[in-house]
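Work through the exercises below with the sequence and the model open. Try each task before reading its solution.

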Amino acid sequence: MTTAELALEEELARTTLKRATFRRLLGYFKPHAKKLWLVIALETVWVISMLIDPRLVRMVVDGALPAGDVAGGAWLLGLMLFNIVTRTITTTIELRMSTRIGVLVLDRLRRDVFDHIQRLSMRYFDRTKQGRIIARADRDVETLEHLVFWGPIMITMMLLSISLASVYLATTNARLAIYLLIGVPCIWLTTRIFHKIGFAAYRRVRETQSAISAHVAECITGVRVVQAFNAEPREGDNLRHKQGLYHGAVMRGARIAAAYLPSLGLTFHAVLILILFTGGAMVVDGSLTAGGLLEFVLLMGFVLGPVEGLGGLYNECLVSGAAAERIFLLLDTEPEVQDRPDAIDPGRLRGEIEFDGVSFSYDPSGDSGLQLEDVTFKVEPGETIALVGHTGAGKTSVINLLARFYEAQQGEVRVDGIDIRRIPLAALHDQTGIVLQSNFLFAGSVLENLRFVHPGLTAEEARQGFEELGCLGVLEQFPNGLDSDVGERGANLSEGERQIVCFVRALLSDPAMLILDEATSAVDTRTEALILEALRRLAAHQTTVVIAHRLSTIKDADRILVMENGRVVEQGTHDELLAKDGTYAHLYSEYESA
């Protein structure tokens, strides 16, 4: 993704809301089109039912009451009661159906957002704050709830009411209808004016909300650092500053709404006064009955009332439109790393790895320099290699390319002689086991975490995994064995215990390639020795790539690659490299003297 695209995605392009956004949102209703049309039909029945009531009122006022016709009046009141019962039943059915449709639409949208986030490349997460991503998947989808649930009903009701009532009024009393239509352009003009200033205000509200979410998520994730450096007051000040921006944005939106809605109401009541004045004069001169004027006033509400309601719906659309734009901008963000059209499933990999003239930078523009430069080496199937070097030498970049979290700008990474870009991501990751220095455990039991890579794993198979790794004693120390709750992010376990569970999880996936990035740094010396012994026994089953700062742990590696400034400067066995008295020998000397 380019810098310009990131700026667009992060800050939201300040352009006018496009109809395409709502057309795209309507696309989520297509699977429920039949039910949606039924809801619209029921709402049409409801509107017609409402329009009948004013005519029944007129018939009572102008006919039954002056004539003293009790039976006729009772008959008309009975029709009104039947009409009300019909509307009640219709409303109950349509609200249930509309709610169900809304739930299904939001479920689909939320799943699309979640699935897309899961497919995005690592560079997106490197450069996008966690809080902003969470806001898209959670708050922005939730913001659409009211519009999705009730939008179809409200739009149908308002448009039908305006159109049917206008025709009805024009045919019953054209003179008064002309006065009524004076209010329509006034309301339209008011809406246009506030449209230009309202959308930007609501966009700003969403942006400031995301900034607050991002800050809170960041502080929670780094709470230990915040507390360790006594930074609580400073982070609190940062939050108050962001809340101030949010408060300002909300108040600006409130001022716009506070001016907009009363303006519509003022227009409505001005027209009402004009109608009553003119209609009253017509009643006095006998050209209009009192019942006719009452009917007209009641029907007038079905024209100007929905127009006023459209103003409120428009405000709802401003908020929902901003949220929808943010969601679709996320969905339109293409994963940088994805399967190529010519990708082929290689079957079971042997684990041969080859880097051929690979150059790579985390910044696609190259402004920040290269993390790897013309790296070339080959690893035979079943071989164990170790990458060593000072911090920033490029070791982690090598495994990031091997796992295809990123793609090289130059050169090729090949597995079993196949360009890694031609191997489907699912096939590659299914056969790659990774244990990092700071690994992640999901909330749940030990067994549930092991099933993350092996859904059908039995308790006995999980126990065998610990036994094969030589860490059965660690499992037996857990309070409830495999059913022990690891807590959020593995908080109930020590660092060493978390790492052992991660080792077992990786090995149970039966990988063709095992990647260990400082994977034993969090365990004690005794446990480390057990794991290293287990890895030596298992080495023949997969190719192993190890990054380690404890140089004593990689002395038995088949080959050691020494990296410096993004290049491989030496390679060989531990003894061969010591005999060269080069970079590795100096590193080992520093390690021994530390």
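**Exercise 1.** How many bridges join strand 1 to strand 2, and in which direction do the two strands run?

Solution. The model is predicted: local features need pLDDT of at least 70, side-chain atom pairs count only at pLDDT 80 or more, and totals for chains, interfaces and linings use all residues. Residues are numbered from 1 along each chain as its sequence is written, and side-chain values use heavy atoms, without hydrogens and water.

Step 1: find strand 1 at residues 353-360 and strand 2 at 372-379. Strands (E, at least two residues) and helices (H or I, at least four) are DSSP runs, numbered from the N terminus.
Step 2: five bridges join these strands, which run antiparallel. Two strands pair if DSSP finds at least two bridges between them.

**Exercise 2.** Place the strands in their sheet and name the edge strands.

Solution. Step 1: four strands form an open sheet with antiparallel pairing, in the order 2-1-4-5.
Step 1: strand 2 and strand 5 (418-419) are the edge strands, as each pairs on one side only.

**Exercise 3.** Which residue forms a salt bridge with R414?

Solution. Step 1: apply the cut-off, a side-chain nitrogen of Lys or Arg within 4 Å of a carboxyl oxygen of Asp or Glu.
Step 1: the partner of R414 is E412, with the closest N and O atoms 2.6 Å apart.
Step 2: salt bridges that share partners join E354, D356, E412 and R414 into one network.
Step 3: R414 is buried at 14% relative accessible area, while E412 is partly exposed at 29% (buried is under 20%, exposed over 50%, partly exposed in between; 1.4 Å probe, protein chains only).
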